[in-house]
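Subject: Structure handover

Hi,

Here is the structure I promised to pass on. Please open it first, then read my notes below.

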Amino acid sequence: MTAPSLTVDGLVRYFGGLKATDEVTLQVRPGELHAIIGPNGAGKTTLINLLTGELASDGGRILIGDVDVTGQPIQQRVQLGLLRSYQITSVFDSFTVRENICLAARRKRGVRMAVWKPLVRDSETMEVVRRIMAECQLQHVADEAAANLAYGQRRQLEIAMALAADPRLLLLDEPMAGMSAAEGAAAIELLRSLKGQYTIVLVEHDMNAVFSLADRISVLVYGKVIATGTADEIRNHPDVRKAYLGDDEDA
Ligand SMILES: Nc1ncnc2c1ncn2[C@@H]1O[C@H](COP(=O)(O)OP(=O)(O)OP(=O)(O)O)[C@@H](O)[C@H]1O
């Protein structure tokens, strides 16, 4: 059987007396879109920060594939393919969309950031860039400076840059936050098209997006995972309905 892309085992994190992450155990399978939901303050961001290494854990283990990265620094985890979209991608405003994706792809391939070297001569990178721009539907703004992008397109560029680095596991923390309805709809379509091709952990408040996209959902309440399952399983889970969705809410 293939090893999970990510294994979280009994993870704990305190903030003073508050147990913000309470023995969290979950597995993300290769190729799945695994959403993490929960009410405000449930510990979603804390969990993501523990996964990336931005926060240190007080107990438990994190494995990327079969490598134990508990206590390892951020860079080590990035090298193993755990990428958070905005964290690893610093968008250069004066560079075009194509150039930004190109830099992200070259960084992954260990090509020094020699921006003076003509990008067009690097055919392997250019192929990756073409594929990613098509996947993320950014071709029509390929030659636009990043500074000129609408907010939704910029977030799309950040995801494209993360994908250009060929992630083993992509962490998306509220990718639709601050988007207009139209931008949100475009982002949902983008995630739908990426589903199955990449392994994605998605933290998102938009329940319609989560329930229509996720292969599996883990529900956090007060730092604990109270349920993990498919959209239907979560929708009908009595503890989830009681603690989070509300008994009368049709998620
Ligand atoms: N740096 C910190 N210091 C102290 N307490 C913190 C810190 N970060 C988070 N907390 C607390 O830990 C708990 C979990 O917070 P966290 O931000 O992870 O929740 P969340 O599920 O991401 O919330 P939201 O949906 O509002 O973004 C909250 O009670 C929060 O107040």
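I start with E174. With 17 C-beta neighbours inside 10 Å, E174 counts as partly exposed. The cut-offs: a residue is buried if 20 or more other C-beta atoms lie within 10 Å of its own, exposed if 12 or fewer, and partly exposed in between, with C-beta atoms placed from the backbone. E174 sits in the loop between β7 (169-173) and α7 (181-194). Its phi is positive, about 50°, although E174 is not a glycine. Most residues other than glycine have a negative phi.

Two points on provenance. This is a predicted model, in which local features need pLDDT of at least 70 and side-chain atom pairs count only at pLDDT 80 or more, while totals for chains, interfaces and linings use all residues. Residues are numbered from 1 along each chain as its sequence is written.

**Overall**

The chain has 10 helices and 10 strands. These are DSSP runs, numbered from the N terminus: helices are H or I with at least four residues, strands are E with at least two. Of the 251 residues in the chain, 40% are buried. Take the contacts between residues at least 6 apart in sequence: 65% of them join residues at least 24 apart. Two residues are in contact if their C-beta atoms, placed from the backbone, lie within 7 Å.

**Around the ligand**

Which residues surround the ligand? They are F15, L18, A20, G38, N40, G41, A42, G43, K44, T45 and T46. Two elements, β2 (18-28) and α1 (44-52), each give two or more residues to this shell. The largest share, 3 residues, comes from α1. "Near" here means that the C-beta atom of a residue, placed from the backbone, lies within 6 Å of the molecule or strand.

By class, the shell has 4 nonpolar, 6 polar and 1 charged residues. Ala, Val, Leu, Ile, Met, Phe, Trp, Tyr, Cys and Pro count as nonpolar; Asp, Glu, Lys and Arg count as charged; the others, Gly among them, are polar.

Helix α1 is largely enclosed by the rest of the structure, because 7 of its 9 residues are buried. The buried ones are K44, T46, L47, I48, N49, L50 and L51. T45 is also in α1. T45 has 16 C-beta neighbours inside 10 Å, so it counts as partly exposed. Just after α1, G53 takes a positive phi of about 100°.

T45 and D173 are 128 residues apart along the chain, yet their C-alpha atoms are separated by 7.5 Å. Is D173 buried or exposed? D173 has 20 C-beta neighbours inside 10 Å, so it counts as buried. Leaving out residues up to four places away in sequence, D173 touches T45, I48, R84 and V203. D173 and L194 are 21 residues apart in sequence and 16 Å apart in space, C-alpha to C-alpha.

Y14 is in strand β1 (residues 6-15). It has 14 C-beta neighbours inside 10 Å and therefore counts as partly exposed. Residues up to four places away in sequence aside, Y14 touches K19, A20 and D58. A20 is also one of the residues around the ligand. Y14 and G59 are 45 residues apart in sequence and 9.5 Å apart in space, C-alpha to C-alpha.

E23 is in strand β2. Its phi is near 55°, a positive value in a residue other than glycine. E23 counts as partly exposed, with 14 C-beta neighbours inside 10 Å.

**Helices α5 and α6**

The axes of α5 (residues 123-135) and α6 (residues 151-164) come within 10 Å and cross at roughly 140°. Axes are lines fitted to C-alpha atoms, for helices over the stretch in contact, and angles run from 0 to 180 degrees between N-to-C directions. The two helices are therefore oblique to each other. Angles under 35 degrees count as roughly parallel, over 145 as roughly antiparallel, 65 to 115 as roughly perpendicular and the rest as oblique.

On the α5 side, the contact is made by V128, V129, I132, M133 and E135; on the α6 side, by A160, L163 and A164. This contact of α5 with α6 has 7 nonpolar, no polar and 1 charged residues.

Best wishes
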